[in-house]
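Here is a friendly note to read alongside the model. Please keep the 3D view open and find each place as we come to it.

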Amino acid sequence: MSHTSASEKDKGAVITDWRPEDPAFWQTRGHRVASRNLWISVPCLLLAFCVWMLFSAVAVNLNKVGFNFSTDQLFMLTALPGLSGALLRVPYAFMVPIFGGRRWTAFSTGIMIVPCVWLGFAVQDPTTPFSVFMIISLLCGFAGANFASSMANISFFFPKEKQGGALGVNGGLGNMGVSVMQLVAPLVVGMSIFAIFGGNGVAQPNGSTLFLENAAWIWVPFLIVFTLAAWFGMNDLSASKASLSEQLPVLKRGHLWIMAVLYLATFGSFIGFSAGFAMLSKTQFPNVNILHFAFFGPFVGALARSLGGGISDRLGGTRVTLINFIAMAIFTALLFLTLPTNGQGGNFVAFFTVFMGLFVTAGLGSASTFQMISVIFRKLTMDRVKAQGGSEEHALREAATDTAAALGFISAIGAVGGFFIPKSFGISLDMTGSPAGAMKIFLVFYIACVVITWAVYGRKTKK
């Protein structure tokens with residue numbers, strides 16, 4: 001192959017020759033192309049998490065700008081993007097092999113502009129009905145689905161020994177969007193940035209003005225920039241092309257459903273706590289301005305996820321996951337000691353500290369379970385294809401397709417936590433006045449995951 005043709009294949013939108021498992025290919029071309037696609041994918045995914053979790057910052061402020069929604073209604077608005085995001089991750093998981101990673105990343109980033117623009121106008125009209133906010137929050141869920149297609153896409157670019165690290169960076173820095181949004185939104189709602197578009201703000205009792213529309217509109221310019229970056233800077237891999245019928249058999253694997261439960265306990269906890277933490281803190285410790293601190297939990301969780309992929313590549317995903325679930329159960333048990341009883345007592349510093357521990361372990365476990373999925377499905381598919389007499393090349397191609405489909409589908413089930421956890425807090429508070437009922441369910445679930453991880457994977461010492 002001449003140098004010219006290699007260079008052309010580097011720059012073309014569609015790459016037809018892709019062999020990441022070939023060391024020479026990886027050194028000369030593969031690493032550079034994979035890195036470029038990863039580092040465009042990361043900000044696109046980060047913005048998706050910003051939009052997905054928008055209501056975790058907006059819902060807390062809705063009643064301050066003229067609305068009159070109940071606590072349960074506000075918890076519902078923070079929970080609904082988790083539900084639609086989880087459901088949409090199923091079709092999104094299969095889109096990259098059908099349309100190509102470049103095209104799908106650009107499209108899925110661009111459509112997030114719609115709920116952002118709409119929400120900015122809706123919050124300025126106090127007569128906007130609750131049903132309209134429900135529709136917008138469901139549309140924000142489209143952003144949450146991007147994770148499934150993004151992770152599936154990046155898994156095609158990297159060789160198996162580097163997948164844990166690459167997926168950890170993509171997922172972890174993408175998850176950082178929750179923290180970025182919860183840090184930026186409280187800052188921009190105090191400034192008149194978009195007055196030219198009609199953002200007038202609402203005067204507050206303390207003399208300040210709240211421009212709640214800014215929390216949604218601030219992301220639009222960035223979404224436009226990175227939609228264009230994805231379209232012109234990323235690549236489609238012809239090697240990743242696969243029809244729906246080629247991807248669906250992965251749903252018959254028992255390991256898919258076991259790993260889905262484990263991922264629900266880790267990533268589901270991360271995204272659920274991210275969505276519900278600000279509202280929960282406000283109900284338990286009303287005197288604390290939680291919006292100044294809310295960003296920190298998702299930040300440490302996303303950081304832990306970024307590091308967790310590499311740690312799991314070195315120590316083995318199963319070992320990291322097992323220890324992690326034990327820690328999650330301990331932190332959940334400690335949380336009961338920090339809550340107020342009948343509105344009395346409670347310790348916010350202890351509550352916040354224990355919750356930070358939960359965010360760290362949820363983030364770390366998200367990376368270690370994803371690393372397990374890559375290892376398990378690659379091995380299962382390689383063994384099956386070789387047993388049927390297939391070539392090494394055919395086995396590698398099918399393993400990449402199966403792994404991507406499994407990662408996407410399992411991430412869909414994990415995202416259900418984004419709905420289940422805030423809704424559980426809302427129901428528990430509505431029925432008993434305390435979140436303790438919901439926390440008891442989570443504690444039992446984490447203990448069950450310790451048992452499942454050890455029984456299915458731990459005893460085999462599978463890395």
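**Notes on helices, buried residues and hidden spaces**

1. Leaving aside neighbours within four places in sequence, Thr453 is in contact (heavy atoms within 4.5 Å) with Leu262, Thr318, Thr321, Leu322, Phe325 and Gly458. Thr453 sits in helix H19, residues 436–458; helices here are DSSP runs of H or I with at least four residues, strands are E runs of at least two, and both are numbered from the N terminus. Is Thr453 buried or exposed? Its relative accessible area is 0%, so Thr453 is buried. Buried means under 20% relative accessible area, exposed means over 50%, and partly exposed lies in between, with a 1.4 Å probe and protein chains only.

2. Before going on, a word on what you are looking at. This is a predicted model, in which local features need pLDDT of at least 70 and side-chain atom pairs count only at pLDDT 80 or more, while totals for chains, interfaces and linings use all residues. Residues are numbered from 1 along each chain as its sequence is written, and side-chain values use heavy atoms, with hydrogens and water left out.

3. Now try Lys423, which belongs to helix H18, residues 417–432. Why does Lys423 count as buried? Because its relative accessibility is 14%. Apart from neighbours within four places in sequence, Lys423 is in contact with Asp72, Met76 and Ala79.

4. With a relative accessible area of 3%, Asn153 is buried. Not counting residues up to four places away in sequence, Asn153 touches Val96, Gly101, Thr105 and Met234. Look also for Asp236: it is 83 residues from Asn153 along the chain, and their C-alpha atoms are separated by 9.1 Å.

5. Helix H14 deserves a slow look from end to end. H14 has 20 residues (296–315), so at 1.5 Å a residue it should span 28 Å, and the 27 Å between its end C-alpha atoms agrees. The expected span is 1.5 Å times one less than the number of residues. Where does H14 bend by about 35°? The bend is at Gly308, taken as the angle between axes fitted to the seven residues ending there and the seven starting there. After H14 comes Gly316, with a positive phi near 100°.

6. What does H14 pack against? Its buried residues, including Gly297, Pro298, Arg305 and Gly308, pack against H8, H9, helix H13 (254–284), helix H15 (317–335) and helix H16 (348–387).

7. On a 1 Å grid over the protein atoms alone, a cavity is a set of points where a 1.4 Å probe fits but cannot get out, and lining residues have an atom within 4 Å of a point. Grid points are joined across faces, edges and corners, and a volume is the space filled by probe spheres set on the points. There are two cavities of 30 Å³ or more. The largest cavity has a volume of about 100 Å³. Its lining has 13 residues, and the closest to its centre are Cys44, Thr105, Ser108, Asn146 and Ser150. Helix H2 (23–52), helix H6 (101–110) and helix H8 (130–157) each give two or more residues to this lining.

8. How do the classes of these lining residues divide? The lining of the largest cavity has five nonpolar, eight polar and no charged residues. Here Ala, Val, Leu, Ile, Met, Phe, Trp, Tyr, Cys and Pro count as nonpolar, Asp, Glu, Lys and Arg as charged, and the others, Gly among them, as polar. The second largest cavity holds about 30 Å³, and its lining divides into seven nonpolar, one polar and no charged.

9. Finish with the largest pocket, an open set of points with protein on both sides within 12 Å along at least five of seven lines. About 530 Å³ of space lies in this pocket. Of its 24 lining residues, Asn61, Lys64, Asn289, Leu291 and His292 are the closest to its centre. Which helix gives the largest share of the lining? H9 does, with four residues.
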